[in-house]
Amino acid sequence: MRKITIISSLTIFFLIFGSFGLLFVREQVVYPLLDARRLNSNELVEEIKTYRGKYPNPKNYVMWNSQILNIQPETLIAKSETDVLGDASGNWIEINLSTQTLCFHETSGGTPCFPVSTGLAWTPTPAGNFHVWIKLPVTTMAGPGYYLPGIHWTMYFHGAYSTHEAYWHNNFGHPMSHGCVNMRIDDAKYIYDRSEVGTLVNVHY
């Protein structure tokens with residue numbers, strides 16, 4: 001009888017914790033890998049081209065992995081990273097790579113936080129203190145295996161790294177990107193509308 005009880009207890013233990021283990025592997029390993037694979041697939045590229053075929057401003061073209069950005073916005077003037085004076089509003093952005101969250105610190109006292117997707121292990125988001133040096137209401141990002149037009153509410157804060165909407169996945173709260181900070185479109189617009197060229201962006205673990 002005691003042997004049966006021990007076996008039953010072990011069975012229940014493995015069923016419960018085995019399920020959590022499988023769930024963790026699925027959410028943290030399998031899904032991000034599948035999404036990353038799909039992001040680089042030719043099928044998704046064609047899907048996006050069809051879906052966003054009437055992108056209104058094709059001249060704003062960004063090569064995601066390029067060291068030199070070819071950006072010529074029509075309504076906003078870019079400043080070099082060495083010529084950012086600061087945000088007069090006093091608002092600032094905090095990105096926590098450990099919790100995959102972005103918190104927007106406002107002088108009014110509010111600090112709304114949003115789930116984000118930062119860089120994968122092999123394409124990490126850099127940590128440090130940076131400043132927004134250009135804002136683009138809509139732009140295109142492209143690179144080997146992908147072409148992403150019509151990306152809204154983009155703010156570059158360090159070279160080719162930026163915060164922006166990501167319409168191609170809904171796995172926010174988990175690393176997913178090539179190094180940028182992916183956000184839901186409404187969340188990206190919220191911080192875009194309240195930030196300036198010069199806004200502090202603090203990225204940390």
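**Exercise 1. How many bridges join β8 to β9, and do the two strands run parallel or antiparallel?**

Solution. The model is predicted: local features need pLDDT of at least 70, side-chain atom pairs count only at pLDDT 80 or more, and totals for chains, interfaces and linings use all residues. Residues are numbered from 1 along each chain as its sequence is written, and side-chain values use heavy atoms, with hydrogens and water left out.

Step 1. Strands (E, at least two residues) and helices (H or I, at least four residues) are DSSP runs, numbered from the N terminus. Two strands pair if DSSP finds at least two bridges between them.

Step 2. β8 and β9 are joined by 3 bridges and run parallel. H164 has N182 in β9 as its bridge partner.

Step 3. Of the 5 residues in β8 (residues 161–165), 4 are buried. Buried means under 20% relative accessible area, exposed means over 50%, and partly exposed lies in between (1.4 Å probe, protein chains only).

**Exercise 2. Give the strand order of the open sheet and identify its edges.**

Solution. Step 1. The order is β4-β3-β2-β10-β5, 5 strands with mixed pairing.

Step 2. β4 (113–115) and β5 (128–131) each have a single partner strand, so they stand at the edges, with one side of each left without a neighbour in the sheet. From one strand to the next, the twist averages 20°. Axes are lines fitted to C-alpha atoms, for helices over the stretch in contact, and angles run from 0 to 180 degrees between N-to-C directions.

Step 3. Inside the sheet, β2 (residues 92–96) and β3 (residues 101–105) run antiparallel and are joined by 5 bridges. I93 stands opposite F104 in β3.

Step 4. Helix α3 (residues 185–193) lies across β2, β3 and β4, at about 145° to β4.

**Exercise 3. Describe the nonpolar cores and the place of I93.**

Solution. Step 1. A nonpolar core is a set of buried Ala, Val, Leu, Ile, Met, Phe, Trp, Tyr and Cys residues joined through side-chain atoms within 4.5 Å.

Step 2. The largest core has 19 residues, and I93, I95, L102, M183 and I191 have the most contacts inside it. At least two of its residues come from each of β2, β3, β7 (146–158), β9 (181–183), α3 and β10 (200–204).

Step 3. Beyond its neighbours within four places in sequence, I93 is in contact (heavy atoms within 4.5 Å) with residues including L102, F104, M155, I191 and V201. A separate core of 10 residues includes W133, L136, L148 and Y156.

**Exercise 4. Classify the pairs F104–Y190 and F130–F157.**

Solution. Step 1. Rings of Phe, Tyr and Trp (its six-membered ring) pair if their centres lie within 6.5 Å; planes under 30 degrees apart count as stacked, over 60 as edge-to-face and the rest as tilted. The whole structure holds 6 aromatic pairs.

Step 2. The ring centres of F104 and Y190 are 6.3 Å apart and the planes stand at 90°, so this pair is edge-to-face. Because F104 lies in β3 and Y190 in α3, the pair ties together parts 86 residues apart in sequence. F104 is buried at 0% relative accessibility, whereas Y190 is partly exposed at 25%.

Step 3. F130 and F157 form a tilted pair, 5.8 Å centre to centre with 40° between the planes. F130 is in β5 and F157 in β7, 27 residues apart.
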